[in-house]
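Me: Give me a close look at one contact in this model, with the numbers that go with it. Then set it beside the other sites you can describe.

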Amino acid sequence: EEVKLQLKWVTQAQFAGYYVAQEKGFYDEEGLEVTIMPGGPDISPTQVMAGGGADVTVDWMPSALAAREKGLDLVNIAQPFKSSGMMLTCLKETGIKGPEDFKGKTLGVWFGGNEYPFLSWMATLGIPTDGSEGGVTVLKQGFNVDPLLQKQAACISTMTYNEYWQVIDAGLAPEDLVTFKYEDEGVATLEDGLYVMGDKLADPAFKAKMVKFVRASMKGWKYAEANPDEAAGIVLENDESGAQTETHQKRMMGEIAKLTAGSQGALDPADYERTVKILLGGGSDPVISKAPEGAYTLEITDEALK
Amino acid sequence: MRAPVIEAKDVNLIFETRDGPVHALKDVNLTVERGDFVSFIGPSGCGKTTFLRCIAALETPTGGDLKVNSMSAEAARKARSYGYVFQAAGLYPWRTIAGNVKLPLEIMGFTKAEQEERVAKVLSLVDLEGFGKKYPWQLSGGMQQRASIARALAFDADILLMDEPFGALDEIVRDKLNEELLKLWSATGKTIGFVTHSIPEAVYLSTKIVVMSPRPGRITDVIESPLPRGARPLEIRDTPEFLEIAHRVREGLRAGHAYDA
Amino acid sequence: MRAPVIEAKDVNLIFETRDGPVHALKDVNLTVERGDFVSFIGPSGCGKTTFLRCIAALETPTGGDLKVNSMSAEAARKARSYGYVFQAAGLYPWRTIAGNVKLPLEIMGFTKAEQEERVAKVLSLVDLEGFGKKYPWQLSGGMQQRASIARALAFDADILLMDEPFGALDEIVRDKLNEELLKLWSATGKTIGFVTHSIPEAVYLSTKIVVMSPRPGRITDVIESPLPRGARPLEIRDTPEFLEIAHRVREGLRAGHAYDA
Amino acid sequence: MKLLMFALAFWLGASLFNSWLAARFSHRRWAQLFVPALFGVTLLVLWEGVVAGFAISPVILPAPSAIVARFAQSTALLWGDFAQTILKGALAGYLLGCGAAIVTAIVIDRSPFLQRGLMPVGNFVAALPIVGIAPILVMWFGFDWQSKAAVVVLMVFFPVLVNMVAGLKATDHLQRDLMKTYSASYRDTLFKLRLPAAMPFLFNGLKIATTLALIGAIVAEFFGSPTRGMGFRISTAVGQLDMPLVWSEIAVAALAGSGFFGAMALLERLVTFWHPSQRAR
Amino acid sequence: MRNLGPILTVVAAILVIWYGAAVKMNAKWVYDQAARAGAEVSTSQLLRETMAQERPVLPAPHQVAKGLWQGVAGQKITSKRSLVFHGWVTLSATLAGFALGAAAGLLLAIGIVHSRAMDMSVMPWAIASQTIPILAIAPMVIVVLASLGIKGLLPKAIIAAYLSFFPVLVGMVKGLRAPDAMQLDLMRTYNANRAETFWKLRLPSSMPYLFASLKVGIAAALVGTIVAELPAGATQGLGARLLSGSYYGQTIQIWAALFAAATLAAGLVVAVGAIERVVLRKMGMAA
Ligand SMILES: Nc1ncnc2c1ncn2[C@@H]1O[C@H](COP(=O)(O)OP(=O)(O)OP(=O)(O)O)[C@@H](O)[C@H]1O
Ligand SMILES: Nc1ncnc2c1ncn2[C@@H]1O[C@H](COP(=O)(O)OP(=O)(O)OP(=O)(O)O)[C@@H](O)[C@H]1O
Ligand SMILES: Cc1ncc(C[n+]2csc(CCO)c2C)c(N)n1
Ligand SMILES: [Mg+2]
Ligand SMILES: [Mg+2]
């Protein structure tokens, strides 16, 4: 049986579980032939799903729910990531100590579906992001951490497992930086979950296939958590661009393991409710306008993790 | 009486331009019979080229009636009734001289062997044997002109239309080619339409000289030459008849210039 | 004795081309005195244009010595000693006819008023009054040629170099411009170098006829005309002296053609 | 399905009508506008028909009607993006890049040595893909329109330079010899002969550069931008699956590009009225 | 190779300017670091450190050269870290796209030259099509094509074709119309049909235009491929290499990939030029 998996980003340890499941033969054991398609900054996983280009995708919940409001019937079937790795990393020299210091500063934000957590956070803080008085200047941050190094922005978005370490590798010391984790600020939204099209779930065969897929993937994740160095090696093996480095991937795997640690794969409805609440609380311009229905199902994980 | 090859009745041609219409040909009447050698002479812009192009169906008269070989000019063109020598040589630069001469033969579906034979024949006729493999730019202007004449002669069209074919040549070469052309004409009985600026040339070659005048372009005089048909020695140019015709042509031309700028 | 304006001693010019060197001018010796009207005649490719270009310092001889107004040709060019009429009209298409005639005047720093005055004068000299505002492509070939003559006459250069200026014109216009040119020449005492393919034209105009021959390009004859300087009626062309000179030129030309292709 | 059939029928009918018009009225001004317009409408109808006929998801390819509706509804937003990307980024870069190219061409024109050295190297530099250069320039010139203008400068510089250099050489022998007979100065030759003669070539380059400027400015925004601009909007709207907005922006780009191109073509007509290619027809 | 001298001179000048710029642009970081460490920077230290940074704002030429060398010669060419490998991936899509685009441009040009209706309706839209930022919608195109089951080399080739058809179209319309009125009239006097006129007149006289536009077209195809490689899952090809360099701020890798791409483009243009010379010589047009 074939399964096409669309990743949210390029091949890296963020997706180690799937690569491990692939290389360790967990998918084979389930009788699945999985094709893993790396993503990139210009790939919108939701669009790929809409185009029927993949069976299942890794996406962040804010973006999935926003797409759902646009009429794309995306349904969460599993949630390997328990906690959020997103944070805002600021230069200490800019004088930022707490969120109240953001006003008047320039902040780098990822767009393309990843801006929602930030916008919600700013809305809860009551800071305008549209360039009006007393607000922050938002930059559409590119792929890398240069804006911080070049001091074009006071803060930039980083992931605990990736960009933060690029800043460190660039030569800045942790003491030079101030970080704000979304998790700590109480605005954490669910990241890397597995999503499929709702209409397909009506098909029992597809459902059965997804059960096998989730089961094998979670086995991969748990193996990766237990053997981070080997997992990083597998990721490197699968990186066709040849751009990844071993140190970086090993470290990333270590950080990723912290995020997946709390999850056996099943979505915790409480986390879901929290995410929805945060997204709804987006002030005048909320990410989603009403609480979605049927945006997740526990049937797959219930079956898979029996 | 021989059958008329070209029969123009009240031919008119008006070019619509941005600055208004240009009356290039006005009420042109002319009958050319089989085997005639007709020269067209007249000041710059009087419509010589335009009229020749009408005969060749490269231009369509806006009024009047023009028959070539008793059909419409267009039908005559489709029947490939004529060969045309343009004012400039117009050789295709990517073909050798032989290739250029061969072009109409290819299009008209001659066999390979026949193509070779005819090319050799006409190239020697215009004194270009040995230059077949050269490209146009490797020849002087006069030689290019001769190659373009060879190209028009290669397929045996009934009618030969030539627009100032000898313009770029010096007197000596010109005399020689005039003689050759006369020889060819009397040997084949072709009908020839010939545009020139040179009075002696017109008189020397023609059985009929058409004097034209500009603004609007029209025929002011048609002179039937009393000179013998067939071979004419170059010395004929010193005979009184010759000088008399030349005088008449000159007078006609001068009249055309009367209100010229 | 008048001072020599052009003095060529053993002038040689060899073009290096891919197919080997071309000996365009070989051992050319010529002295032209102030007020002379010198015609150059010879078959295609004999070096007429090349020699005229050497005088104008548009080409540099590879050997020999060439003085113009007792200086090097280059210095004479820098001193703006001559006006040049090219074989083709070469008008700038982005300028009107008046603008084209004005071009040398602007470059040589004439005042605006003087520019206008001279443009009007020379345009009427070549019968183009009223066409000043037209663009080159709106004129017939002959009119363009006349505009380019006007351009060379606009500034009063000592020496006038003309390369087949009347090639595109018909006999009548040509006769008229020949007369005008003679008038201008005798009125101003300019020195004129004139290339032509027409024997009568050369004889009618010149005080000195230079007959050239190709491969290698060289002077084969220099004929001093016994015809009167100054105004010559057109009828002079029927006098025995005229015909005799014409005959001599023709013979010279024919010799040049002996080994021609 | 019915709509698709209708679209196909419309397409067929319009094509026939267009051929008929083109054959009969090709020299009329109204026909020169009407024929391409009808062709464009045909494309849109066909598009609408295909989208409806094959029930293509609007998040993949929206129907033209949906795009028009979104366009009408967000004109203020589109105008702001247009101002940011086209008026600031593209235009500034275009003027700077083309100006620099023209000046450079004139300067190196005097030195064959520089020309022989610079042109191949310039050719090489021009081949650097902008997707690689844009992030670098954003890093150097910041997030706002200045970095976009810099990308545009790099993109338009070489095509204009090449054309201008070719144009300055485009005088024929005779025209140059004429200037020599006047012993004209370098300045005179430049202003009275070579610049006018170069204009048809220059405009060739300037016209190509219009579309390059647009593309450069938009794409550069993908690599970092303030929260406005056409490139920014396209990339974020894709993430939000707001395809009608994406296509509205694309429509703005196409309109602006065609307008820009048309304006240069018009200017070309005015400046090089004397060139044979402008006199034909 | 009389151009060698001038080229080397210009390159040398560029290198000098480049080194200067590298020092200047990378200095800020050196000073910042020193300030953070509370140290002073001497000039020699500055020079040394600005040219040996791991993530310089502007890498020094020798760093780029080293990156290139490692990418080209430092690996097995089958390795994922080999620029030859990525270059090959890009090259194959470029050639496929170029073939598609050139054919499309050529066919459209032939249609336009022979049909007034096509001339009037297609040309304005062909121009408009190029004002659409294909680079911006390439990701969508990839997705749409993927949903139609078109994957692998073809989507990249299609985007490359989209960028390369236009120069070919414009050049060939000009080229096929290059024959002057007299040359066309000559064909009419022979009553030659359209096909004969095309093969014996229009096509030969369009050759110089054809090759000029093919050169532009093949360079455009390369750009198209690289653009298409960014969203194609960022896996293989010089475009992916550029992008992955960007993610990790590996300036040297970006520059090395950039230069590899430019070299590839230059090579392709030279190759077209070589074909041009052969063809034109065969046709006797190499004056
Ligand atoms: N395509 C055209 N459009 C507009 N006017 C034209 C066109 N062709 C010719 N004319 C005009 O028609 C008139 C006759 O031109 P034509 O070429 O027949 O003259 P010609 O007698 O051959 O002159 P020449 O001796 O200079 O060759 C001229 O006034 C010319 O300007
Ligand atoms: N730039 C050049 N390079 C090589 N050969 C040349 C060049 N210019 C002229 N020639 C050759 O020099 C010779 C003389 O040419 P020139 O133009 O002076 O002849 P001409 O007497 O003016 O002929 P025409 O009557 O055809 O104008 C010819 O054989 C020509 O091919
Ligand atoms: C242009 C762009 N930049 C960052 C992200 C955000 N993002 C989503 S997953 C992930 C992996 C961590 O490295 C990151 C950074 C994005 N989607 N697009
Ligand atoms: Mg004519
Ligand atoms: Mg000459």
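This is a predicted model: local features need pLDDT of at least 70, side-chain atom pairs count only at pLDDT 80 or more; totals for chains, interfaces and linings use all residues.

Reply: Residues count from 1 along each written sequence, chains are lettered from A and ligands numbered from 1 in written order, and side-chain values use heavy atoms, without hydrogens or water.

Start with the division of chain B. Domain 1 is made of three segments of chain B, 1-26, 37-81 and 158-261. Domain 2 of chain B covers 91-156. These bounds come from an automatic or database assignment. The C-alpha centres of the two domains of chain B lie 25 Å apart. Their contact (heavy atoms within 4.5 Å) takes 14 residues from domain 1 of chain B and 11 from domain 2 of chain B.

Now the area. Between them, domains 1 and 2 of chain B bury about 1,100 Å², counted as accessible area (1.4 Å probe) lost by both parts on being put together. Carbon and sulfur atoms give 65% of that area in chain B.

Domains 1 and 2 of chain B share 2 salt bridges (a Lys or Arg side-chain nitrogen within 4 Å of an Asp or Glu carboxyl oxygen). B:Asp156 and B:Lys190 meet in a salt bridge through their side chains, at 3.3 Å from N to O. The polar contact count between these domains of chain B is 3 residue pairs, both residues at pLDDT 80 or more. A polar contact is a pair of N or O atoms within 3.5 Å; within protein, one must be able to donate a hydrogen and the other to accept it, and sequence neighbours count only through two side-chain atoms.

Which elements supply two or more residues to the domain 1 side in chain B? They are β7 (159-163) and α6 (171-188) of chain B. Helices (H or I, at least four residues) and strands (E, at least two) are DSSP runs numbered from the N terminus. α6(B) gives the most to that side, with 4 residues.

Chain B also has a ligand site. Ligand 1 is surrounded by 13 residues, each with a heavy atom within 4 Å of it. The closest are B:Ser44, B:Gly45, B:Lys48, B:Thr49 and B:Thr50. The backbone of B:Gly47 puts an N or O atom 3.0 Å from a ligand 1 oxygen. The side chain of B:Lys48 has a polar atom 2.8 Å from an oxygen of ligand 1. For B:Thr50, that side-chain distance is 2.4 Å.

In chain C, 13 residues surround ligand 2, and the closest are C:Ser44, C:Gly45, C:Lys48, C:Thr49 and C:Thr50. A polar backbone atom of C:Gly47 sits 3.0 Å from a ligand 2 oxygen. An N or O atom in the C:Lys48 side chain is 2.8 Å from an oxygen of ligand 2. For the C:Thr49 side chain, the value is 2.5 Å.

Finally, chains E and D. They each give 48 residues to their contact. The buried area is about 4,100 Å², with 84% from carbon and sulfur atoms. E:Met120, E:Thr131 and E:Met140 supply 15% of the area chain E buries against chain D, more than any other three residues. Several helices of chain E supply at least two residues each to the side touching chain D, among them α1 (4-37) and α11 (251-282). α5(E) gives the most, with 11 residues.

Conventions:
Buried area is the accessible area (1.4 Å probe) that two parts lose on being put together, summed over both.
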